[in-house]
Amino acid sequence: MKPLSRRTDTFTDSVIRRMTRISDEVGAIKPLPAFFARICAEQGVEPSRCLMIGDSLSSDVAGALAFGMDCCWYNPEKTANTTPFVPTYEISALGELSEIL
């Protein structure tokens with residue numbers, strides 16, 4: 001897992017809210033590549049410029065990693081990760097995102 005570090009781009013709360021997507025809106029489900037491809041295409045960005053933030057190791061984290069995106073596992077219960085999916089970042093409170101973005 002990467003240590004927390006600041007990215008060159010800082011997102012405000014409004015941008016994060018604007019970028020929130022659910023499978024029904026996208027027309028594909030995670031962890032399928034089509035979900036992540038649609039998001040990248042909508043925003044005109046490469047996967048390497050994205051950060052997937054999610055609470056599911058098997059869909060959010062696994063899908064993002066397979067698609068070449070950094071990912072942040074939102075783990076408020078601080079549950080041990082017993083899966084083969086290793087997130088780029090892990091947070092237990094949303095306020096910690098400011099240290100990553």
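## Helix crossing

H3 and H4 are roughly perpendicular to each other (a label for angles of 65 to 115 degrees). In this predicted model, local features need pLDDT of at least 70, side-chain atom pairs count only at pLDDT 80 or more, and totals for chains, interfaces and linings use all residues. Residues are numbered from 1 along each chain as its sequence is written, and side-chain values use heavy atoms, with hydrogens and water left out.

The axes of helix H3 (residues 33-43) and helix H4 (residues 57-67) come within 9 Å and cross at roughly 70 degrees. Axes are lines fitted to C-alpha atoms, for helices over the stretch in contact, and angles run from 0 to 180 degrees between N-to-C directions. Helices (H or I, at least four residues) and strands (E, at least two) are DSSP runs numbered from the N terminus.

On the H3 side, Pro33, Phe36, Ala37 and Cys40 meet Ser59, Asp60, Gly63, Ala64 and Phe67 of H4 (contact: heavy atoms within 4.5 Å).

## Sheet

Three strands form an open sheet in the order E1-E2-E3, with parallel pairing; strands pair if DSSP finds at least two bridges between them. Strand E1 (51-54) and E3 are the edge strands, each pairing on one side only. E1 pairs with strand E2 (residues 70-74) over four bridges, and glycine 54 stands opposite tryptophan 73 in E2. H4 packs on the sheet, touching E1 and E2, and its direction makes about 165 degrees with that of E2.

## Confidence

The average pLDDT (the predictor's confidence in each residue, from 0 to 100) is 81, and 76% of the residues score at least 70.

Definitions and conventions. Parallel < 35°, antiparallel > 145°, perpendicular 65-115°, else oblique.
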